[in-house]
2 protein chains.
Amino acid sequence: MTIAEVCKLCAISADTLRYYEREGLLPPIRRTPSGIRDYSEQDLDWIRFAQCMRAAGLPIGALSRYVSLVRKGDSTLRERKEILARERTRLAERLHTLQETLAKLDGKIADYDRRCLAWEREHLRR
Amino acid sequence: MTIAEVCKLCAISADTLRYYEREGLLPPIRRTPSGIRDYSEQDLDWIRFAQCMRAAGLPIGALSRYVSLVRKGDSTLRERKEILARERTRLAERLHTLQETLAKLDGKIADYDRRCLAWEREHLRR
DNA sequence: ATAACATCTGGCGTGCGCTCCAAGTCAAGC
DNA sequence: GCTTGACTTGGAGCGCACGCCAGATGTTAT
């Protein structure tokens, strides 16, 4: 699969794909004899994983370390689990504060609803 | 209240406070006759609001526009409400994808738990 | 064979959100 | 009065995660 196809499938830019590969978020992608990237289905899985984790705010470095451990084999299972568990904790915390913020926003918006109504009653009175 | 006191109270750097003021996330802070910032309780409220919204990912620009509308008075109530409502929607979406990511992470971690156990059974057998 | 287009590498540029620095002013204690 | 430390401004610098571009090479269609 060419890079252009992957771009469309995963909604990601070619620049980002090459960047992720350089940084080790993806394993080295197989090349055609002339040097053009040829993505496999597993590569797509890696790409989706990376996108998902990036969207959750995991830094490039953490993902890169994780991928390099995967490529070292089963002896790194425990370390990989610990990386994911640590990031899970951080994510859960973020989720919690975001929920609080959402609640605050809702309160403020409800407040604005009331104030908007009051203001309009005031100004549309004739 | 001096900037140093606010830094401690709100766990924020003096540089960031001055930056936020420049960018309009905070109203202009009152000064002593010699030009030193003197924060009020309302200023603290603004700071906490800014921190909360920034933590939720609202961009500096949106916050700045919002604050400038507040300072223009009640005729901007509806516009302010719309800014907050728009950001609320975006936040709710982010929250949703983050929850999905959390679920995926949990699945992966459970998987690693199993694989770790299996690996250890394999290697500690004597 | 040639035009038109896709992909490659290497490297520089960008936007965001701070963060640090220099050089000067101000405030508090001795 | 003098030192010491906090505060001021303006501006430069930085880390991250890309985005963009040139120039070379590869591929496809006519």
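Modeller: In chain A, A:Ala11 lies in the loop between helix H1 (3–10) and H2, where a helix is a DSSP run of H or I with at least four residues, a strand is a run of E with at least two, and both are numbered from the N terminus. This is a predicted model, in which local features need pLDDT of at least 70, side-chain atom pairs count only at pLDDT 80 or more, and totals for chains, interfaces and linings use all residues. Residues are numbered from 1 along each chain as its sequence is written, chains are lettered from A and ligands numbered from 1 in the order in which they are written, and side-chain values use heavy atoms, with hydrogens and water left out.

Biologist: Why is A:Ala11 called exposed?

Modeller: Exposed means over 50% relative accessible area, buried means under 20%, and partly exposed is in between, with a 1.4 Å probe and protein chains only. A:Ala11 has 67% relative accessibility, so A:Ala11 counts as exposed. A:Ala11 also has a positive phi of about 55° although it is not a glycine.

Biologist: What makes B:Ala11 exposed?

Modeller: The relative accessible area of B:Ala11 is 69%, and B:Ala11 is therefore exposed. B:Ala11 sits in the loop between helix H1 (3–10) and H2 of chain B, and its phi, near 55°, is a positive value in a residue other than glycine.

Biologist: Why is A:Glu21 called buried?

Modeller: The relative accessible area of A:Glu21 is 14%, so A:Glu21 is buried. A:Glu21 is found in helix H2 (residues 14–23) of chain A. Leaving aside residues up to four places away in sequence, A:Glu21 touches A:Leu26, A:Pro27, A:Pro28, A:Ile29, A:Arg31, A:Arg37 and A:Tyr39, where contact means heavy atoms within 4.5 Å.

Biologist: Is A:Arg30 buried or exposed, and how do you know?

Modeller: A:Arg30 has 52% relative accessibility, and therefore counts as exposed. A:Arg30 is placed in the loop between H2 and helix H3 (41–55) of chain A, and touches A:Ile36, A:Arg37 and A:Asp38, not counting residues up to four places away in sequence.

Biologist: What makes chain A more spread out than a compact globule?

Modeller: Chain A has five helices and zero strands. Its radius of gyration is 23 Å, well over the 14 Å that the globule rule gives for 126 residues, so chain A is more spread out than a compact globule. The radius is taken over C-alpha atoms, and the rule is 2.2 Å times the number of residues to the power 0.38. Along its principal axes, the C-alpha trace of chain A spans about 80 × 35 × 20 Å.

Biologist: How do you know how the two copies are related?

Modeller: A rotation of 180° with 0.0 Å of shift along its axis superposes chain A on chain B, with an RMSD of 0.1 Å, and the two copies are thus related as by a two-fold rotation axis. Copies are superposed by least squares on the C-alpha atoms of residues with pLDDT of at least 70 in both. Of the residues of chain A, A:Leu95 comes closest to the rotation axis, at 3.4 Å (C-alpha). The same surface serves both copies, as 100% of the contact residues of chain A recur in chain B.

Biologist: What covers the buried residues of H4(B)?

Modeller: The cover includes helix H5 (77–124) of chain A, together with helix H2 (14–23), helix H3 (41–55) and helix H5 (77–124) of chain B.
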